[in-house]
Amino acid sequence: MAENRTVHLAIDVMGGDFGIPVILPACLSALKELPDLKITLCGDQEAIQKALNSFPKPFQDRCHIHHCTETVENDEQPTKTLSKSSDA
């Protein structure tokens, strides 16, 4: 018998070229496809929660928001970012 294992992913929903409007629907698709998936959504809590409210309740329950107060810009050096940012 196959064993079900919960998979946890952390997703930066503020990143990419389009951010929340593209990333959250992709997360919803993954949640529909993978019943053992749980997602931690990283970024601005208020913006994420507003968008997450449009998800059906069972999918909302499988998401957790991790609020980040800092952002990392595309042109920042990774080593500098890691040393100066504790919440990005």
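**The nonpolar core and its surroundings**

A: Among the 16 residues that make up the largest nonpolar core, those touching the most other members are Val-13, Leu-31, Leu-41 and Phe-55; such a core is a set of buried Ala, Val, Leu, Ile, Met, Phe, Trp, Tyr and Cys residues joined through side-chain atoms within 4.5 Å. Two or more residues come to this core from each of α1 (20-33), β2 (37-43), α2 (45-52) and β3 (63-67), where helices (H or I, at least four residues) and strands (E, at least two) are DSSP runs numbered from the N terminus. The most is given by α1, with six residues.

The model is a predicted one, in which local features need pLDDT of at least 70 and side-chain atom pairs count only at pLDDT 80 or more, whereas totals for chains, interfaces and linings use all residues. Residues are numbered from 1 along each chain as its sequence is written, and side-chain values use heavy atoms, with hydrogens and water left out.

Helix α1 has 14 residues and reaches 20 Å from its first C-alpha to its last, close to the 20 Å expected at 1.5 Å a residue, the expected span being 1.5 Å times one less than the number of residues. Its buried residues are Ile-20, Ile-23, Leu-24, Cys-27, Leu-28 and Leu-31; buried means under 20% relative accessible area, exposed over 50%, and partly exposed in between (1.4 Å probe, protein chains only). Seen down the axis of α1, these buried residues fall within an arc of 140°, so they line one face of the helix; the arc is that of the directions from the helix axis to the C-beta atoms. The face turned away from that buried side carries the exposed residues Pro-21, Lys-32 and Glu-33. The buried residues of α1 pack against β1 (7-12), β2, α2, α3 and β3, contact being taken as heavy atoms within 4.5 Å.

Phe-55, leaving aside neighbours within four places in sequence, is in contact with Leu-24, Leu-28, Leu-31 and Gln-60. Gln-60 has its place in helix α3 (residues 57-60) and, at 18% relative accessibility, counts as buried. With neighbours within four places again left aside, Gln-60 is in contact with Leu-52, Asn-53 and Phe-55.

Turning to the strands, β2 has five buried residues out of seven, so this strand is largely enclosed by the rest of the structure. β2 pairs with β1 in the parallel sense over six bridges, two strands being paired if DSSP finds at least two bridges between them. Within β2, Leu-37 stands opposite Val-7, and Leu-41, named above among the core residues with the most contacts to other members, stands opposite Ile-11. Five bridges also join β2 to β3, and these two strands run parallel; Gly-43 has His-67 in β3 as its bridge partner. Finally, β1, α1 and β2 make a right-handed β-α-β unit, in the sense that, with the strands pointing away from the viewer, the path from the first strand over the helix to the second runs clockwise.
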